[in-house]
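Please keep the sequence and the model open while reading.

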Amino acid sequence: MAEELGSSASAPTTTSSSSWAKTRSLWPSILRWIPTSVDHIIAAEKRLLSLVKTPYVVEQVNIGSGPPGSKIRWFRSTSDEPRFINTATFQSKEDSPTLVMVHGYAASQGFFFRNFDALANRFKVIAIDQLGWGGSSRPDFTCKSTEETEAWFIDSFEEWRKAKNLGSFILLGHSFGGYVAAKYALKHPEHVQHLILVGPAGFSSESESKSEWLAKFRETWKGAVLNHLWESNFTPQKVVRGLGPWGPDLVNRYTTARFGAYSTGEVLTEEESKLLSDYVYHTLAAKASGELCLKYIFSFGAFARMPLIQRSDNPTYFYPFLFL
């Protein structure tokens, strides 16, 4: 069972989970339509990470509230309270290279729970919940364009880097996290020693993929309905919330199928499946925030509106990096 290392109380860039989770419902979860809360997310994360053998510390890294008139969208909330990035750091050997891990869409850092022990043998592993996901702050999502949406994730990650006082590091991104990691590397190459993209999303556009099937599907009534829902920013998480107390069962079926019956790797144990399902439910059912990036980053069919390969002055920029 993993041990939680105590973080320094005097560290200026962090705060404890208990002080951060100020908003708590007075209603017991059994009486709420959506039985979740910030406390539930933090507790579910702690239970899931108890499966990790490597000692770790979880901290809420303060990325600030921003100056008046800031162009960074998460600073334009009606509240001026500070924002936090939920961060898990795993114990490592002295002088180990730093590896920062960024999760994908509809995920959180806990999804990497099976990877932490192996990676911690060679790296100082730091895994984060992106702004608006998992146990991080969930500001109102006010972005209205692809550029603003990219800035939401890239700039909040840069503020996190500054708060953690990291110089340069190895950056790993999975799926949508790969998209964010690659865009961050393009904007701040001086901080990225190596870029590792695991099943990255967003490299090609619909036109580049020559998706004739998608064009034909859009012409059907089903395609028209789904395309309308996509452009209306109807996310999968809204289904989970709409089901209320039946949401956890749907998520359990999803995690069992994705990481069990249809998994190409080692199937989850019963305990792993139970803890992961509980964690996934609470991260999906919480307040909508980062998830609303979907329609601004991708068009219907999950094709990038601003493909990565078109954003580099040199198309071979990504070739030396590791793709998994």
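## Salt bridges between parts of the chain

K164 is partly exposed, with a relative accessible area of 22% (buried means under 20%, exposed over 50% and partly exposed in between, with a 1.4 Å probe and protein chains only). The model is a predicted one, in which local features need pLDDT of at least 70 and side-chain atom pairs count only at pLDDT 80 or more, while totals for chains, interfaces and linings use all residues. Residues are numbered from 1 along each chain as its sequence is written, and side-chain values use heavy atoms, with hydrogens and water left out.

The side chain of K164 meets that of E59 in a salt bridge, at 2.4 Å from N to O (the rule asks for a side-chain nitrogen of Lys or Arg within 4 Å of a carboxyl oxygen of Asp or Glu). This pair links distant parts of the chain, since E59 belongs to strand 2 (residues 56-64) and K164 to helix 4 (residues 146-164), 105 residues apart (helices, H or I with at least four residues, and strands, E with at least two, are DSSP runs numbered from the N terminus). A second salt bridge joins the side chains of D155 and K187, 2.9 Å apart from N to O; because D155 lies in helix 4 and K187 in helix 5, the pair ties together parts that are 32 residues apart in sequence. Here D155 is buried, with a relative accessible area of 14%, whereas K187 is partly exposed at 47%.

E158 is buried at a relative accessible area of 8%, and R161 counts as buried at 10%. By the rule given above, the count comes to 11 salt bridges.

## Helix 5 and its surroundings

Helix 5 (residues 176-187) has 12 residues and reaches 17 Å from its first C-alpha to its last, close to the expected 16 Å (the expected span is 1.5 Å times one less than the number of residues). Of these 12 residues, 10 are buried, so helix 5 is largely enclosed by the rest of the structure; among the buried residues are F176, Y179, V180, K183 and Y184.

## Aromatic pairs

The structure holds 19 aromatic pairs (rings of Phe, Tyr and Trp, the last by its six-membered ring, pair if their centres lie within 6.5 Å; planes under 30 degrees apart count as stacked, over 60 as edge-to-face and the rest as tilted). The rings of F141 and W152 have their centres 4.9 Å apart and their planes at 55°, so this pair is tilted. Because F141 lies in the loop between strand 5 (124-128) and helix 4, and W152 in helix 4, the pair ties together parts that are 11 residues apart in sequence. Both F141 and W152 are buried.

F169 and Y184, in turn, form a stacked pair, with 6.5 Å between centres and 25° between planes. This pair links F169 in strand 6 (residues 169-174) to Y184 in helix 5, 15 residues apart, and both residues are buried. One aromatic cluster includes F141, W152, F176, Y179 and F298.

## Nonpolar cores and a surface patch

In the largest nonpolar core, of 45 residues, those that touch the most other members are V100, F157, W160, L171, F176, L195 and F298 (a core is a set of buried Ala, Val, Leu, Ile, Met, Phe, Trp, Tyr and Cys residues joined through side-chain atoms within 4.5 Å). Helix 5 gives the largest share of this core, 7 residues. Apart from it lies another core of 32 residues, including Y56, L99, I170 and V240.

F234 is placed in the loop between helix 8 and helix 9 (236-242), and is partly exposed at a relative accessible area of 40%.
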